[in-house]
Amino acid sequence: ESSSVEEENNGGELKLPMEHYINFVPHKKDCVAYLTFDDGPSENTDAILDILDYYNVKATFFVIYHKDMEDKYKAIVNAGHTIALHSYSHEYSSVYAGEASFFDEMNRISDYIYEQTGVRTKLMRFPGGSSNTISRKYSRGLMKKLKKSVTERGYVYQDWNVDSRDAAKAKTPPEKLLSNVRNSIGDKKTVVVLMHDSGNKTATTVQALPEIIELFYEKGYSMEKMDINTEQIHHNW
Ligand code: ZN
């Protein structure tokens, strides 16, 4: 039976559940990849959850409010993934109008997630990341203040250190997303990958995801979901 497993893997295309495949890959200690999906849930959420489940991988979803998507928030949590805050509206003009407006956005999405899933979380990602410059347009100096005040209020924020660039352009070939990820892993032991569950019909995230996951397995990374105690990857520019 083990020889038939090897034969199937030799062709490069995986037909077996990933747990069989993992046994052949040496796992590097301390190498962890956190797959993160922003802006969901969406029509793509189910497909993303199916792929994660197939590969036995847990991930983190930084969600916003979407109409008529109640069951998707629950589906993310029921599948064992981390659900986290990314603002209520994702409208920069509202999120970054000022400190009060920012925390109102965070409170609203926090309450909504709690209503839908029973999960109360302080894990968050800033829309555009903590290094975003768009907020200057609405409120100069706001990011510097927010980075301090979110921490004072008990929030933990995460940026990313590997960008799939899946939201940069329409219909980016999936191989391009894969190479964007591959080319920026470098020698990082902790990798936080930015992807999107945006429901954008021209996005190719779902098509690229299986190979992105296989890449991390092949490099010996475990893929885990974040929690409030996960090492924080912050942009410092
Ligand atoms: Zn976003």
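Helices here are DSSP runs of H or I at least four residues long, numbered from the N terminus. By that count, Ala 75 has its place in helix 4, which covers residues 70–78. Keep in mind that this is a predicted model.

**The nonpolar cores**
- The largest nonpolar core is made of 53 residues.
- Inside this core, Leu 35, Leu 52, Phe 102, Ile 213 and Phe 216 have the most contacts.
- Helix 10, running from residue 205 to 218, gives the most to this core, putting in eight residues.
- There's also a second, separate core of eleven residues, and Tyr 34, Val 156, Met 226 and Ile 233 are among them.

**Helix 10**
- With 14 residues, helix 10 reaches 19 Å from its first C-alpha to its last, which is close to the 20 Å expected at 1.5 Å a residue.
- Helix 10 is mostly covered, with ten of its 14 residues buried.
- The buried ones include Ile 213 and Phe 216, along with Thr 205 and Glu 214.
- After helix 10 comes Gly 220, and its phi is positive, near 85 degrees.

**Back to Ala 75**
- Ala 75 has a relative accessible area of 23%, so it counts as partly exposed; buried would need a value under 20%.
- Thr 117 is 42 residues away from Ala 75 along the chain, yet their C-alpha atoms are separated by 8.9 Å.

**Salt bridges**
- Side chains with opposite charges can pair when their charged atoms come close.
- Searching the whole structure turns up six salt bridges.
- One of these links Asp 38 and Arg 125, with the closest N and O atoms 2.7 Å apart.
- Asp 38 sits in strand 1 (residues 32–38) and Arg 125 in the loop between strand 4 (123–124) and helix 7 (135–138), so this pair ties together parts 87 residues apart in sequence.
- Both Asp 38 and Arg 125 are buried.
- Another salt bridge joins Asp 68 to Lys 67, where the closest N and O atoms are 3.8 Å apart.
- Asp 68 is exposed at 58% relative accessibility, and Lys 67 is exposed too, at 61%.
- Arg 120 pairs with Asp 111 in a salt bridge, and the closest N and O atoms there are 2.7 Å apart.
- Arg 120 is partly exposed at 48%, and Asp 111 is partly exposed at 36%.

Technical notes:
Residues are numbered from 1 along each chain as its sequence is written. This is a predicted model: local features need pLDDT of at least 70, side-chain atom pairs count only at pLDDT 80 or more; totals for chains, interfaces and linings use all residues. Side-chain values use heavy atoms; hydrogens and water are left out. A nonpolar core is a set of buried Ala, Val, Leu, Ile, Met, Phe, Trp, Tyr and Cys residues joined through side-chain atoms within 4.5 Å. Buried means under 20% relative accessible area, exposed over 50%, partly exposed in between (1.4 Å probe, protein chains only). Helices (H or I, at least four residues) and strands (E, at least two) are DSSP runs, numbered from the N terminus. The expected span of a helix is 1.5 Å times one less than its number of residues. A salt bridge is a side-chain nitrogen of Lys or Arg within 4 Å of a carboxyl oxygen of Asp or Glu.
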